[in-house]
Amino acid sequence: MLPNNPHIGHKVAGCLILLSLFYINLSAGSSGKASQSHDDMHVIHNNQLDLREIVFVIQSQSNSFHVRQAERRRADLLKQAHSLAEKPPVVLLSHSLSDDEGHWSILPLLPSLSHSFGKNSSWIVFLEEETHVKMTKLVQVLAKFNKEEEWFLGKPLHDEESTIIHHYAFAENPTIFKYPDFTAAWAVSTTLVVRLADKVRDEPLKSDFTIDLKHEVALYIWDNGNGPPLTAVPELCTEPEDSPQTRRCATTLSTEPPLCGEPVSAEDIFVAVKTCRKFHSERVPVIKKTWEKDAFFLEYYSDYADPSIPTVNLGVPNTERGHCGKTFAILQRFLSDAVPDTKWLLVCDDDTLISLSRLQVLLSCYNPSEPVCLGERYGYGLSQGGYSYITGGGGMVFSREAVVRLLDSGCKCYSNDAPDDMVLGMCLNALGLPVTHSPLFHQARPEDYARDFLAHQVPISFHKHWNIDPIAVYNKWLKDDLRPTSSDGLNENAKTEL
C-alpha cells in the first residue's frame with residue numbers, strides 16, 4: 001500500500017516544473033510555425049473540457065531505450081497541445097513518479113495522483129509508449145462523459161475461455177467480463193480516482209501476484225459490482241495510425257519503428273534450454289522441428305547426459321518445480337570458458353515456443369553493456385514492498401552485464417527447487433536493477449490471451465504444450481519465412497551446438 005508519500009509528491013511537483021520549462025521553450029521556438037487548423041481549435045474551445053483538465057500518464061520503464069520512447073511520446077503530446085491551447089496538459093512518465101518497485105502496477109500510484117490532481121483535473125489518461133493520441137478527437141470523446149461521475153473507459157478485451165493467467169475468473173462465462181487493452185489507452189475520471197485512492201490507502205491490496213495487469217486493474221475497479229465496469233469507447237483503437245480505418249479514432253498504434261538499427265547477430269545470443277530426462281523424447285523433438293535451427297549457439301541442460309540430443313548434465317538433480325539450482329548453474333556456465341563469449345543469454349524451458357529471429361530484432365533496441373533483464377514481467381507483493389520478475393516460461397533474456405552483476409552480488413538459491421524466476425527477481429530488486437517488460441513474450445498459450453490483444457502483436461514467444469499441437473502453434477504464430485542474417489552472411493541453416 002502506497003501512502004501519500006512526500007517523496008512521491010516532490011517527484012510529481014518536479015515533473016510539473018520540468019513540464020512548465022518545456023512549454024516555455026516550446027513556445028519560444030514556435031513562432032512562424034503552422035498550428036493546427038482553426039476548426040480543431042474551435043472544437044477544443046467549445047467543449048466543456050479544457051486540455052488542462054486531462055493528466056496523461058505514459059506507462060513507462062526505466063530502461064534507457066524505453067525512456068527515449070516515452071520521451072518521444074510526451075514530446076508529441078505537448079506539440080499537439082501547444083497548437084490547440086494556451087497551456088498544455090500535464091504529461092507524466094510513470095517510472096519517474098515513485099522509487100517504489102510497484103509503480104508499474106498502477107494501483108499504488110493512485111493516492112499520489114489523487115493528492116496532486118484530484119481537485120483540479122477531470123481525467124487521468126493512461127497510455128503506452130507506442131500509443132499515438134489524436135488530441136482533438138480525444139477531447140471530443142472525453143467531453144461526452146459527465147466528469148463528475150465515476151467512469152472507466154477503454155477498448156474492451158474479453159476471454160474466450162477461462163484461463164490460468166486470470167486465475168480462471170468467470171469460469172462459467174468468461175466473455176462477460178471486459179478489461180481494457182492498454183495499448184489503445186484507457187481513462188478514469190478523477191472522481192473515480194479519488195475514491196479508489198482512499199480504498200488503496202485504507203485496505204491492503206489482496207492479491208500477492210500481479211500477472212496480467214490490465215485484467216487485475218479492471219477487477220479492482222469493478223469490485224464485484226460495487227464499482228463501474230469498463231465502458232467501451234470505439235474511438236480508442238489499436239489500428240496502425242496510417243490505416244484508413246482510423247478516421248474515427250482518438251488513439252492508434254504508432255507505425256514509426258524504433259530507431260534501433262540492424263537485428264543483432266544470431267552469434268551474439270547464447271540459448272540455454274532447461275530440460276530433464278523424462279522430456280527428452282517428448283518436448284526436445286518439438287524444439288528440433290521448430291526453432292532450434294535458428295540458434296547459432298545452443299545447449300540443452302538436463303539431469304542426464306544424452307549424446308543423441310546432446311544434453312549437458314550440470315550436476316544439479318532434477319526437481320519437480322522451481323529449477324533454481326539449474327538456472328544458477330547455467331548463469332555460471334555462461335560466464336565460464338566452457339561456452340562462447342556472447343552478449344546475450346536466453347534461458348527458456350523445453351516447452352517454450354519462441355521466434356529467435358524476432359528476438360534478434362527486439363534486442364537491437366537494447367544496449368548489452370547495460371544490465372538488461374527482459375521478458376514478460378510479473379510481480380509479487382508489489383503493494384507491500386515486493387519485487388518484479390521475468391516469468392521463466394516465456395523466456396528470460398539477460399545481457400552479459402546483468403549476469404555478471406547478479407553473480408558478483410553473491411545472489412544464490414535458497415534451495416535447488418526454489419522458483420528460479422522469482423529468486424532472480426528478488427536479487428535484481430536488491431541490486432536496484434530494473435526488470436524490463438515486453439508484452440511480446442508470453443508465459444501461456446495463445447488460447448490463454450484475448451484474440452484482440454494478440455491481433456496487433458507480432459509475438460516472440462508462447463509457453464506450454466498442454467492441449468495444443470505445439471508445432472502447429474509455432475507455425476501459425478511464430479514462424480517467419482525470412483530470417484535475419486548476420487553481417488558476415490551467416491547461412492540460415494548454420495548453427496553451433498556445444
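## Disulfides and sheets in a predicted model

Cys-260 has a relative accessibility of 15%, so Cys-260 counts as buried. The model described here is predicted. Its pLDDT averages 88 over the protein, and 86% of the residues score at least 70.

The partner of Cys-260 is Cys-365, with which Cys-260 forms a disulfide. Cys-260 sits in the loop between strand 12 and strand 13, and Cys-365 in the loop between helix 10 and strand 18, so this pair ties together parts that are 105 residues apart in sequence. Cys-365 is buried, with a relative accessible area of 12%.

The structure holds four disulfides. Three of them are set out below.

| Pair | S to S distance | Torsion about the S-S bond |
|---|---|---|
| Cys-237 and Cys-249 | 2.1 Å | about -90° |
| Cys-260 and Cys-365 | 2.1 Å | about 100° |
| Cys-411 and Cys-427 | 1.6 Å | 60° |

The torsion of about -90° makes the link of Cys-237 and Cys-249 left-handed. The link of Cys-260 and Cys-365 is right-handed, and so is that of Cys-411 and Cys-427. Cys-411 lies in the loop between helix 11 and helix 12, while Cys-427 lies in helix 12, 16 residues apart. Cys-411 is buried at a relative accessible area of 12%, and Cys-427 is buried at 11%. Cys-237 and Cys-249 are both buried as well. Numbered in sequence order, the bonded cysteines pair as 1-2, 3-5, 4-7, 6-8.

Strand 9 is joined to strand 19 by two bridges, and Phe-209 has Tyr-380 as its bridge partner in strand 19.

Another open sheet has six strands in the order 2-1-3-8-5-10, with mixed pairing. Its edges are strand 2 (90–93) and strand 10 (231–232), each left without a neighbour on one side because each has a single partner strand. Strand 5 and strand 10 run parallel and are joined by two bridges; Leu-153 stands opposite Thr-231 in strand 10. Helix 5, residues 135–143, lies across strand 1, strand 3, strand 5 and strand 8, running at about 120° to strand 1.

Methods: Residues numbered from 1 in each chain as written. Predicted model: local features only at pLDDT ≥ 70, side-chain atom pairs only at ≥ 80, totals over all residues. Heavy atoms only, no water. Pairing = 2+ DSSP bridges. Helix = DSSP H or I, 4+ residues; strand = E, 2+ residues; numbered from the N terminus. Contact = heavy atoms within 4.5 Å. Axes fitted to C-alpha atoms, helices over the stretch in contact; angles between N-to-C directions. pLDDT = per-residue confidence, 0-100. Disulfide = S-S within 2.5 Å. Buried < 20%, exposed > 50% of the residue type's maximum accessible area, 1.4 Å probe, protein only.
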